[in-house]
Amino acid sequence: MFVIIQAHEYQKYAAVLDQMFRLRKKVFADQLGWDVPVIGPYERDSYDSLSPAYLVWCNDSRTRLYGGMRLMPTTGPTLLYDVFRETFPAAADLVAPGIWEGTRMCIDEEAIARDFPNVDAGRAFSMMLLALCECALDHGIHTMISNYEPYLKRVYKRAGAEVEELGRADGYGKYPVCCGAFEVSDRVLRKMRAALGLTLPLYVRHVPARSVVTQFLEMAA
């Protein structure tokens with residue numbers, strides 16, 4: 001299942017988040033060699049301390065992770081402005097409630113191959129993108145912003161996603177880093193589902209029977 005984990009649910013999904021931070025170290029530090037903060041077996045940075053939301057792909061019992069990414073509103077601190085400011089023009093205003101940043105997207109290829117032998121890495125990555133589009137659309141987000149290396153644009157195209165490259169810059173690593181704006185709309189959602197041959201939603205929004213505030217007050221009583 002694909003679920004969004006918000007700050008008040010971190011404990012509920014503790015096992016999944018633990019696997020996600022381990023996977024981030026494996027992918028971004030060990031495999032890609034990025035200069036990212038590593039704490040023991042985990043890759044975590046200062047933005048993970050700002051109560052971001054995480055979109056994760058996990059099993060129904062919330063014990064096994066298949067993929068994940070971090071989502072943050074552009075109205076607060078973001079890697080986009082703090083680290084990758086040179087990747088988009090000064091005239092671009094990317095700060096708005098309906099614009100969110102997506103970072104650290106990764107999949108666990110071994111876990112996916114074990115539990116979904118018919119899903120290769122490319123399709124798994126595309127499924128994450130489709131779930132992201134569904135999730136963003138459901139939460140009133142009209143644009144996702146992400147920084148990526150140029151080769152990933154081919155992956156986005158195969159998934160049916162529509163991305164506008166706003167700019168790119170050298171000096172961040174071996175390859176240039178691009179800044180892209182991903183449209184979130186019903187039209188794009190239909191296009192992505194057609195590209196993957198899927199009709200049913202991957203992401204289903206969880207609506208609690210009672211508000212978080214009510215549950216907190218009942219626990220404190």
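The model is a predicted one, in which local features need pLDDT of at least 70 and side-chain atom pairs count only at pLDDT 80 or more, while totals for chains, interfaces and linings use all residues. Residues are numbered from 1 along each chain as its sequence is written, and side-chain values use heavy atoms, with hydrogens and water left out.

Rolling a probe the size of a water molecule over the atoms shows where empty space is left. Here a cavity is a set of points, on a 1 Å grid over the protein atoms alone, where a 1.4 Å probe fits but cannot get out; lining residues have an atom within 4 Å of a point. Volumes are the space filled by probe spheres set on the points, which are joined across faces, edges and corners.

How many cavities of 30 Å³ or more does the structure hold? The model has one, and about 100 Å³ of space lies in the largest cavity. Its lining includes Leu129, Leu132 and Cys133, together with Met144, Phe182 and Glu183. Ala161, Glu162, Val184, Val188 and Met192 belong to the lining of the largest cavity as well. At least two lining residues come from each of α4, β9 and α6, and α4 contributes the most, with three. By residue class, the lining of this cavity has nine nonpolar residues, no polar ones and two charged ones. For these classes, Ala, Val, Leu, Ile, Met, Phe, Trp, Tyr, Cys and Pro are nonpolar, Asp, Glu, Lys and Arg are charged, and the others, Gly among them, are polar.

Arg187 belongs to helix α6, residues 186-196. Its side chain makes a polar contact of 2.7 Å with the side chain of Glu162, and another, of 3.1 Å, links the side chains of Arg187 and Glu183. (A polar contact is a pair of N or O atoms within 3.5 Å; within protein, one must be able to donate a hydrogen and the other to accept it, and residues adjacent in sequence count only if both atoms are side-chain atoms.) Is Arg187 buried, partly exposed or exposed? With a relative accessible area of 38%, Arg187 is partly exposed; buried means under 20%, exposed over 50% and partly exposed in between, with a 1.4 Å probe and protein chains only. Arg187 and Ala131 stand 56 residues apart in sequence, and their C-alpha atoms are 15 Å apart in space.

Next, α4 itself. Of its 18 residues, 13 are buried, so α4 is largely enclosed by the rest of the structure. The N-terminal end of this helix is capped by Asp120, with a side-chain oxygen 3.3 Å from the backbone nitrogen of Gly122. After α4 comes Gly140, with a positive phi near 80°.

I turn now to the strands, which pair if DSSP finds at least two bridges between them. Strand β5, residues 65-73, is joined to β6 by six bridges and runs antiparallel to it; Leu71 has Gly102 in β6 as its bridge partner. On to β7: three bridges join β6 and β7, which run parallel. Across that pairing, Trp100 stands opposite Met144 in β7, and Glu101 has Ile145 as its bridge partner. β7 and β9 are antiparallel, with six bridges, and Met144 stands opposite Phe182 in β9. In β6, eight of nine residues are buried, and in β7, five of six.

Finally, the largest pocket, where a pocket is an open set of points with protein on both sides within 12 Å along at least five of seven lines. It holds about 1,300 Å³ of space. Of the 48 residues in its lining, Phe28, Leu32, Trp34, Met105 and Leu152 lie nearest its centre. Which element gives the most to this lining? That is β6, with seven residues. Other elements that each supply at least two residues include α1, α4, β7 and β9. The lining of the largest pocket divides into 29 nonpolar, eight polar and eleven charged residues.

Methods. Helix = DSSP H or I, 4+ residues; strand = E, 2+ residues; numbered from the N terminus.
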